Amino acid sequence: MSEKKRRWRKLTAMMCVLAMMTVLLLPVSSQEVSAAKVNKKMYSLSKGSGTYQKAVTVKIKAKKGYKVYYTLNNKKFTTKKMIASGKFRKIRMTKTTVLKIIAVKKTTKLTNKLLKTKKYVKKAKSYTYTIKSSSDDSGGKNDSDNTGNRNNGNDNGNGNGNGNGNGNGNGNGGSGGNGGSGDNSDNGDNGGTSQTEKPAVTDLQKYDVPKPDQDLTITDEEGNQVSENSVSIISVSENGIAQTKIAVISGGNFIMSGAAENLTVDVQTTEDVELTLSSAYIDNRALTTDMPAILISKKNLTSIKLEGKNLIAGATGFTTKPASALICQDVKGGTLTIDAKSEDAILVLSDQMTTETAASSGKDPTDGISAKGKLMVNGGNISIETNGDSLKGTNDGITVNGGTLSLSSALGSAMKSKSGAITVNGGNIVCAADSDDAVKAYNKSDLSTAHQVTVTGGALTVAKSGGYGIRSCVVSITGGQVLLQNTKEDGIRAKAGTSVDADAKTSNTKDDGTGLVSISDGSVVMENIGGDGIQGENVVISGGSVQIATIFENATTQYYSVGKTSSQYPNSIVTSGNGVGGGSTVKTETVTQDTGSHKGIKAGTKAKAFTYSSVEEGSEYEAGTAYTQSASGSLVISGGSVEIDTTATGIKYNQGNDNQVIIGAPEDGINCNNTGTISGGTVIIQASDDGISAGEKIAFTGNAFVDIQTAYEGIESPQVVVGTQGAASGPKVAVYTNDDGINASGKTQVYVYADEDESSYTKTTTSKSGNSCTIYSGYLNVCIGDDVTSHSVTLTGSDGVSKSYTFSSQGDGIDCNGSFYAYGGTTVVYGMSSGSESPIDMDDEFVIGDSAELFLAGCDSMGETQSASSTGQAFVIFSGSSAGSQFGPGGMGGMGGGPGGMGAGSQTLVSAGTSIGILDASGNVIEAATLPKDVAFIMCVSGKLTSGSTYTLSTGGTVSGLKVSDVSKDYRYTEYSGGTAKTTASATTKSTSGGSGNPGGPGR
């Protein structure tokens, strides 16, 4: 054995003895003193407050149903530092640190502004971790929690530090020497990546970019080494790390090839520069600098061309703040263009700073490619994995004309422009953002049309978003393909801000060209959207294809009591008062747990009055003061194809007597808070709440086809209009529902919010009179779904467990809390087969024009007389009641009801599945149909009828010829033969007394 080895062994043995003595002789006051694991209702900590001898790793876990916001050393709380329900985060503390936590229910919506308010600051819980030593006992700096196999105070001095890793990680043991084979990965509460040691090359192998054998060189296009007049190269040592700094000081074309470590490039010239990365491999993981790998620090046009496979790995640590980006154009007015010289050219950018370090640093994490000027991507295969924004254009925005981009962000957005626009003209872009909006061109302090996302071609995919899929003031899609999946919030959001007039006590929506979603061509597909599919102040669809499917993660959870308050549920709905036709006039909804919004399309801002019970200091509102908000915005669909499905959000049905069952968060297919017009295209809706609702008016015109295939109520609005006055043709509207097919109903809404968070409130909804449903032209088909067997639906919760629910339908075909006007067009209604619901029910006028065609079948007559202002078509009524066959008032209705009509004494006129024909005296067919359900009442309004003539209802025959309509729920045919005369009735254009009628049924 050599003398050198003998001396080394002797020194090692002495170090081990000293280490043992040090441990044994430590006073009690310097030993590690810590609290046990903290276990709270909303969260848990793996270690509590206390004094620790060395660095500790604390695991923060948010329990199911809650989320946690955290900060270190009295930094301000932000929404970026949030741990989602059921998730955890590990934070390593190498020096004395104060950890603060705010825990809330996961449905509570918080902003950075709210997190700074006293209400939430007071909720913060503090935990202090006193670290006696600023570094581990490992003999070197390492953020891994390596214990060196300490046993009764004895370190293994043989170099086997055993840093709880499982690979090749230089784990550094205790004072006994260098550690062995840790891979610096998480193992329990230990592990992590060293911020000072160079990580193993194997960490980058997943990117499949080979590391060149030769060192990095810079040459011109002819392969000559560039002169010192163009490029300055210096070698320095900072923080004990050897670095190479390259400065480009004049314009020209430069080619970088080969491998380099700890290298930065600074383009310092105002002349145009073309920088080609040709199989370049830059590994900066050992750096603790805030310099980007490539920095453009002067205003110029810098083009980065790609050849071969290139990789840039960012630093794992930093001294003051992380690099602003791995590739950064740092001045306004310049242009950064990324392109490829060959189709298979690759650029991989990887931020190597851990998420935990980025989240707890108090600094913005590193972006991928960033430009304060114009950022343009024309080609290349670009893959970016970063904690910050993957692709960022601050002032002049981002334009992608080509290339294949894979953009992934742990804490930021995949694409972001704070003050400019994002434009996709081509290429294939796949975005994933774990914590923030995936694609964002938005600045809440400047809501202008400069902030917009435009897609004209190519393919834009959002595979995941912790916020909105696409957020901007204006979103315009004129071509290409847009696929949005797995978003926590809305798929597309373009909503204007609000301005408050404190003196007038009003809140009016700003509309300076903001809040617009426009789709004129291309394809838009949304799947597993956790918020609304599209939410915009104004939504305009004139072409293209749109498919939207929204979800609610707790679709199988019941949040509402049934018709009365209940301690079993966090929310309740109580109804009171009687409308003119029965039913409630006042509904009070109390919400302590907000289930969010998951509509297919939501347009505009609703009209409401509201009050805050409490406000924060400095708020623009006053506690207890009543404010009003006027309705604004609109929906226009004039072309294209729209398919909406909200059935995975929950279920809503009526148990009778206005007792609703609400499970999950059932949602509308389309919700217009103000007005809506559908004048063209095809709209197909499957909804768990209303198919289409509008706060002020909904109009169907032109050649639009609207098919509401399933819904609680089909269409709800104070004013429902089908067709255009005087038009020969018009739209086609089909509705199949579990409650009213059309509910012409107006409302006033008053909110009392607990605070400005608006997550807890009481909402009082009061019915308004003066509503109407008007048919001018076109075709309307309504069918209430009381099939022979009950309906069933299967929902799946976030736990993956599916539950099935069975329910029955109940509702009027068309329920007008006002007047019904049929001036033209064709209206076909198949109402309920039993009960007291009507094919058409109204409180005021019932008017038939001289061009109207109606076919109504159900269990009960309308209970209203035809208005004296009706001067149009003749009609005939057949009834299974002993009452007179003409359309008379019948008996009086029950308490709160209208006139009784046929009342409860109606008998089945025709059984389900029976074919019927309405024939004139010569046997000519007026109407022929195969009825889908039992009916006690049939009314036919037709230009083929003559007032005063007698008509026969024949049953049991055969329908033939063509279907009158291609709508599946219209069962009429052009021909009828055979059958037996069931009853006769005379046609008229005016109502008569119709006999005494049976006693009226209960009020509806």
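**Exercises on charged pairs and cysteines**

The side chains of Asp339 and Lys305 form a salt bridge, at 3.6 Å from N to O; the term denotes a side-chain nitrogen of Lys or Arg within 4 Å of a carboxyl oxygen of Asp or Glu. The model is predicted, so local features need pLDDT of at least 70 and side-chain atom pairs 80 or more, while totals for chains, interfaces and linings use all residues. Residues are numbered from 1 along each chain as its sequence is written, and side-chain values use heavy atoms, without hydrogens and water.

**Exercise 1.** Determine which strands hold Asp339 and Lys305.

*Solution.* Asp339 belongs to strand E21 (residues 335-340) and Lys305 to strand E18 (residues 301-307), so the pair ties together parts 34 residues apart in sequence. Strands (E, at least two residues) are DSSP runs, numbered from the N terminus. Both Asp339 and Lys305 are buried, that is, under 20% relative accessible area (1.4 Å probe, protein chains only).

**Exercise 2.** Locate the partners Asp532 and Lys602.

*Solution.* Their side chains meet in a salt bridge of 3.2 Å, N to O. Asp532 lies in the loop between strand E42 (523-529) and strand E43 (534-536), and Lys602 in strand E48 (residues 601-603), so the pair joins parts 70 residues apart in sequence. Both Asp532 and Lys602 are buried.

**Exercise 3.** State how many disulfides the whole structure contains.

*Solution.* A disulfide requires a pair of cysteine sulfur atoms within 2.5 Å. The search finds 0 disulfides. As for individual cysteines, Cys473 is buried at 0% relative accessibility, and Cys859 is buried at 5%.

Note on methods:
Buried means under 20% relative accessible area, exposed over 50%, partly exposed in between (1.4 Å probe, protein chains only). Helices (H or I, at least four residues) and strands (E, at least two) are DSSP runs, numbered from the N terminus.
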